[in-house]
Amino acid sequence: MFHKNIKLILAGLLVVAGVWQFTESNIGNGIFLILLTAIPIFLYFKNEFILLAFLKLRKQDFEGAKKWLSYIKNPEGALVRKQQGYFNYLHGIMLSQTNINQAEKHFKKAIELGLSMDMDLAVAKLNLAGVAMSRRRKLEATNLLNEAKKLDKQGMLKEQITMMKEQMKKI
């Protein structure tokens, strides 16, 4: 696992090598090195292990996702702020199956650090609403459900939100 700044240094070295190749009249090599610079820059903003964990979660392989996330030893040093949010978001999703208390902590931290997509934020708030509802904190659960409903612009969570509201009426 590379520190996030090492990826930027590698990109800078590739640009310098590309410019050097241009000055040596090796245009093809220079173009290739400049294009190769896109890889470490992309991996600076989108961590490779988080991407692989998302692919595993898409297939409902929680153990595989946990394995890829375990390669990130120091999230604060290796990830930018949004990636730290997704790191906690993924841990929250995996822990929501087994340990609600730790999942709640991870979802709160993910919301605090920030998530890029409104849908991910809506899912995190919906899970937090479920935790609040299970602890009989009706007001907090209602607020979180309303926030999740506002963030769900495509209507993908509409059924889950209405089902949770029906369950809250029974409390």
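**Notes on the salt bridges**

1. Both Glu 48 and Lys 7 are buried, and I would start with this pair because the cut-off for that label is a relative accessible area under 20%. The model is a predicted one, and in it the side chains of these two residues form a salt bridge with an N to O distance of 3.3 Å. Since Glu 48 belongs to helix α4 (residues 48-58) and Lys 7 to helix α1 (residues 4-23), the pair ties together parts that lie 41 residues apart in sequence.

2. The structure holds nine salt bridges, and another of them joins the side chains of Glu 104 and Lys 108, again with 3.3 Å from N to O. These residues are four apart in helix α8 (residues 100-113), and therefore about one helical turn separates them. Glu 104 is buried, at a relative accessible area of 7%, whereas Lys 108 is partly exposed, at 42% relative accessibility.

3. In the salt bridge between Glu 147 and Lys 125, the closest N and O atoms are 2.4 Å apart. Because Glu 147 sits in helix α10 (residues 138-151) and Lys 125 in helix α9 (residues 118-134), this pair ties together parts that are 22 residues apart in sequence. Glu 147 is partly exposed, with 32% relative accessibility, while Lys 125 is buried, its relative accessible area being 13%.

Terms used: Residues are numbered from 1 along each chain as its sequence is written. This is a predicted model: local features need pLDDT of at least 70, side-chain atom pairs count only at pLDDT 80 or more; totals for chains, interfaces and linings use all residues. Side-chain values use heavy atoms; hydrogens and water are left out. A salt bridge is a side-chain nitrogen of Lys or Arg within 4 Å of a carboxyl oxygen of Asp or Glu. Helices (H or I, at least four residues) and strands (E, at least two) are DSSP runs, numbered from the N terminus. Buried means under 20% relative accessible area, exposed over 50%, partly exposed in between (1.4 Å probe, protein chains only).
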